[in-house]
Amino acid sequence: MKLAVVTDENGNFVPLDMGSRISIIDTEEKKIIQYENPGYNKPHGGKEIAMATILRLQPDAVVAVPGSMCPGSYRMSLNRTKYVLPKGSNLEEFLPELEELEKIPLLEELPVDVYREDY
């Protein structure tokens with residue numbers, strides 16, 4: 001399985017437009033490939049730019065945390081990928097979860113708090 005995740009330099013899960021890198025975790029080959037995030041630090045459209053890049057990488061699922069997406073980036077990905085809600089807040093805490101991959105629920109839809117924008 002290939003999982004996409006957006007992190008900052010310290011490996012913390014962050015909103016799509018706040019992470020400098022997009023990582024693809026390949027659980028079969030046991031490797032992580034990192035890409036530069038073209039949506040990084042773009043206040044207008046950054047989340048959509050990041051999601052378009054993620055979708056081009058064709059992951060099986062996207063790791064999502066509350067506030068990581070906006071309604072636009074969520075709609076872009078809906079029905080094109082599945083979602084994983086991690087227990088931890090960073091890559092270091094999440095990687096051990098992958099040891100028991102079959103126990104990680106893959107969601108078809110996300111709770112509203114993952115993509116809601118508060119004004």
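Reply: The largest pocket holds about 210 Å³ of space. This is a predicted model, in which local features need pLDDT of at least 70 and side-chain atom pairs count only at pLDDT 80 or more, while totals for chains, interfaces and linings use all residues. Residues are numbered from 1 along each chain as its sequence is written, and side-chain values use heavy atoms, with hydrogens and water left out.

Me: What counts as a pocket, and how is a volume defined?
Reply: On a 1 Å grid over the protein atoms alone, a pocket is an open set of points where a 1.4 Å probe fits, with protein on both sides within 12 Å along at least five of seven lines; lining residues have an atom within 4 Å of a point. Points are joined across faces, edges and corners, and the volume is the space filled by probe spheres set on them.

Me: Which residues line the largest pocket?
Reply: The lining includes Ile25, Asp26, Lys30, Lys31, Leu98 and Glu99. Strand 2 (21-26) and strand 3 (31-36) each give two or more residues to this lining; strands are DSSP runs of E of at least two residues, helices runs of H or I of at least four, both numbered from the N terminus.

Me: How do I read an aromatic pair?
Reply: Rings of Phe, Tyr and Trp (its six-membered ring) pair if their centres lie within 6.5 Å; planes under 30 degrees apart are stacked, over 60 edge-to-face, and the rest tilted. There are three aromatic pairs here. Phenylalanine 13 and phenylalanine 94 are edge-to-face, at 6.0 Å centre to centre and 75° between the planes. Phenylalanine 13 is in the loop between strand 1 (2-7) and strand 2, and phenylalanine 94 is in helix 3, so the pair ties together parts 81 residues apart in sequence.

Me: Is phenylalanine 94 buried or exposed?
Reply: Buried means under 20% relative accessible area, exposed over 50%, and partly exposed in between (1.4 Å probe, protein chains only). Phenylalanine 94 is at 0%, so it counts as buried. Phenylalanine 13 is buried too, at 11%.

Me: What does asparagine 90 touch?
Reply: Contact means heavy atoms within 4.5 Å. Leaving aside residues up to four places away in sequence, asparagine 90 touches Gly11, Asn12 and Phe13. Asparagine 90 sits in the loop between strand 5 (82-84) and helix 3 (91-94), and it is buried at 15% relative accessibility. A polar atom of its side chain lies 3.1 Å from the backbone nitrogen of glutamate 92.

Terms used. A polar contact is a pair of N or O atoms within 3.5 Å; within protein, one must be able to donate a hydrogen and the other to accept it, and residues adjacent in sequence count only if both atoms are side-chain atoms.
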